[in-house]
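The sequence and the structure come first, and the text follows.

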Amino acid sequence: MAVAVAGKWRETAMLVIDMQNDFILPGGPMHVAGGQAIVPEVIHAVSVARDRGIYVIWVVREHDPYGRDVELFRRHLYVNGKGPTMKGSKGAELVEGLVPVEGEYKLVKTRFSAFFDTHLNSLLRSSGIKSLVVVGVQTPNCIRQTVFDAVASNYQPVSVIVDATAAANSEVHTANIRDMQNIGVSTPTLQEWCSDYA
């Protein structure tokens, strides 16, 4: 039994998405209202993932100071060499309490999906990853688009820990969780996820 469980975890990765100061801290330029409340759950989920040998991948946004690599609709946020989640800025750093350890991977993206124009798929495939667990912010944008791309790329199962992800408000979060359930995504609570995989 233990060998089977260990084998299963060797084929699973956890994507920790956009848990950065500019998204999580109040007053941040990209603040997600529900983000700060889930920090303890994300910390716990990462801890459990490490205990089980799940490959943890830190997915972050980092941008050029002049916004040359951001979506057109966001370029107005970058003025005089300053803007959200600029590479090397305090705002681009992971929120306090979340610290990658040796062997974990940081993946930089410049769009909503962690798969879009990145090497995530090749990283996962070359690491023998077949299933994904997703935590972070925010549900209608980066979580949802990453999850839809994961399902389209035939990762299975794909799980979104419902109380370790967040949106601007609970209604938006719930609606997007429901949409992901409709494409076969598992949406356990953190307690359920921990119990199911104990």
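Where is the place of Asp-117? Asp-117 is in the loop between strand 3 and helix 4, where helices (H or I, at least four residues) and strands (E, at least two) are DSSP runs numbered from the N terminus. Asp-117 has a positive phi of about 60° although it is not a glycine. Asp-117 is exposed, with a relative accessible area of 71%; exposed means over 50% relative accessible area, buried under 20%, and partly exposed in between (1.4 Å probe, protein chains only).

The model is predicted: local features need pLDDT of at least 70, side-chain atom pairs count only at pLDDT 80 or more, and totals for chains, interfaces and linings use all residues. Residues are numbered from 1 along each chain as its sequence is written, and side-chain values use heavy atoms, with hydrogens and water left out.

**Backbone geometry**

Asn-80 is another residue other than glycine with a positive phi, near 55°. Asn-80 sits in the loop between strand 2 and strand 3 and is exposed, with a relative accessible area of 72%. Two cis peptide bonds can be described. One joins Val-137 and Gln-138, with omega about -20°, and Gln-138 belongs to the loop between strand 4 and helix 5. Another joins Gln-156 and Pro-157, with omega about -5°; Pro-157 is in the loop between helix 5 and strand 5.

**Salt bridges**

A search of the whole structure finds nine salt bridges, each being a side-chain nitrogen of Lys or Arg within 4 Å of a carboxyl oxygen of Asp or Glu. Side chains of opposite charge can pair when their charged atoms come close. Some of the pairs are tabulated here.

| Pair | Closest N to O distance |
|---|---|
| Lys-130 and Glu-11 | 3.6 Å |
| Asp-64 and Arg-68 | 2.8 Å |

Lys-130 is partly exposed at 48% relative accessibility, and Glu-11 is partly exposed at 33%.

Lys-109 is buried at 0% relative accessibility, and Asp-18 is buried at 1%.

In the remaining tabulated pair, Asp-64 is buried, with a relative accessible area of 19%, whereas Arg-68 is exposed at 57%.

Arg-61, Glu-71 and Arg-74 are linked in a network of salt bridges. Arg-74 is in the loop between strand 2 and strand 3 and is buried, with a relative accessible area of 13%. Setting aside neighbours within four places in sequence, Arg-74 is in contact (heavy atoms within 4.5 Å) with Met-30, Arg-61 and Phe-112.

**Helix 3**

Helix 3 (residues 39–51) has 13 residues and reaches 18 Å from its first C-alpha to its last, close to the 18 Å expected at 1.5 Å a residue; the expected span is 1.5 Å times one less than the number of residues. Its buried residues include Val-39, Val-42 and Ala-45. Their cover includes strand 1, helix 2, strand 2 (55–61), strand 4, strand 5 and helix 7 (190–196). Ile-43 of helix 3 is partly exposed at 33%. Beyond neighbours within four places in sequence, Ile-43 is in contact with Gly-97 and Leu-98. Helix 3 is followed by Gly-53, whose phi is positive, near 75°.

**Helix 6**

The twelve residues of helix 6 (residues 170–181) should span 16 Å, and the end C-alpha atoms are 16 Å apart, which agrees. Helix 6 has the buried residues His-173, Asn-176, Ile-177 and Met-180. Seen down the axis of helix 6, these fall within an arc of 105°, so they line one face of the helix; the arc is that of the directions from the helix axis to the C-beta atoms. An α-helix has 3.6 residues a turn, so residues three or four places apart point the same way. Helix 5 (139–152) and strand 5 (158–166) are among what covers the buried residues of helix 6.
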